[in-house]
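The sequence and structure are shown first.

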Amino acid sequence: MKYVCLEDLNVKGMMQNGKLAASIARQGFYEFRERLTTKIVASGGSVVLASQWFPSSKTCHNCGQINSELKLSDRIYNCPHCRTVIDRDLNAAIVLSQYGEVNQSTRVGCTRIYACELEGADSPG
Ligand SMILES: [Zn+2]
C-alpha cells in the first residue's frame, strides 16, 4: 500500500513565534494537509502522521544516530557518527519516509493515521 508520511508540526506554537507566523500562515499548512490527505485517501493510500516530537531533522538517515547538536540555523546535516553530509531538509525527508515505512506496519509512535483502511488501529490519537 502506498502511503505518505507527514510530520505533525506544532503549528499553533509556531504561530506564536513572530518570526515564523507570517510564513506559516502564507503556506496554509492546515489546508495543504487536508487537501493532500483527501487526495491520498481517495486513491487508496494512507497518511502516516509522525509525532511532532519525532526528531526527523536531528536523526541521521544513514546510521540512525541523533545529532542533538544540530541547530535551526544549520542547513547542512553533518553526522558526527558516520560522517554523512547532506542537506538538512533532504535528510529529514528521507528519515520521515523511513519512519512511514516502519510505522506502516507497527504504528509505533504514530499519533494519528487518517483514513478508512486502519481497522483495529491502536494509535492513541
Ligand atoms: Zn550518520
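## Model and confidence

What pLDDT does the protein chain average? This is a predicted model, in which local features need pLDDT of at least 70 and side-chain atom pairs count only at pLDDT 80 or more, while totals for chains, interfaces and linings use all residues. Residues are numbered from 1 along each chain as its sequence is written. The average pLDDT (the predictor's confidence in each residue, from 0 to 100) is 75 for the protein chain, and 77% of the residues score at least 70.

Residues 106-125 have pLDDT below 50, and this stretch makes 37 contacts in the model beyond near neighbours in sequence; a contact requires C-beta atoms, placed from the backbone, within 7 Å. Where pLDDT is low, predicted coordinates should not be read in detail.

## The largest nonpolar core

The largest nonpolar core holds 10 residues, among them Cys 5, Phe 54 and Tyr 99. Such a core is a set of buried Ala, Val, Leu, Ile, Met, Phe, Trp, Tyr and Cys residues joined through C-beta atoms within 7 Å; buried means 20 or more other C-beta atoms within 10 Å of a residue's own, exposed 12 or fewer, and partly exposed in between.

Two or more residues each come from β1 (3-7), β2 (46-50) and α4 (88-105), these being DSSP runs numbered from the N terminus (helices: H or I, at least four residues; strands: E, at least two). Strand β2 gives the largest share, 4 residues.

Val 4 lies in strand β1 and counts as partly exposed because it has 17 C-beta neighbours inside 10 Å. Leaving aside neighbours within four places in sequence, Val 4 contacts Leu 36, Ile 40, Gly 45 and Val 47. With the same exclusion, Val 95 contacts Ser 56, Thr 59 and His 61.

Methods:
Two residues are in contact if their C-beta atoms, placed from the backbone, lie within 7 Å.
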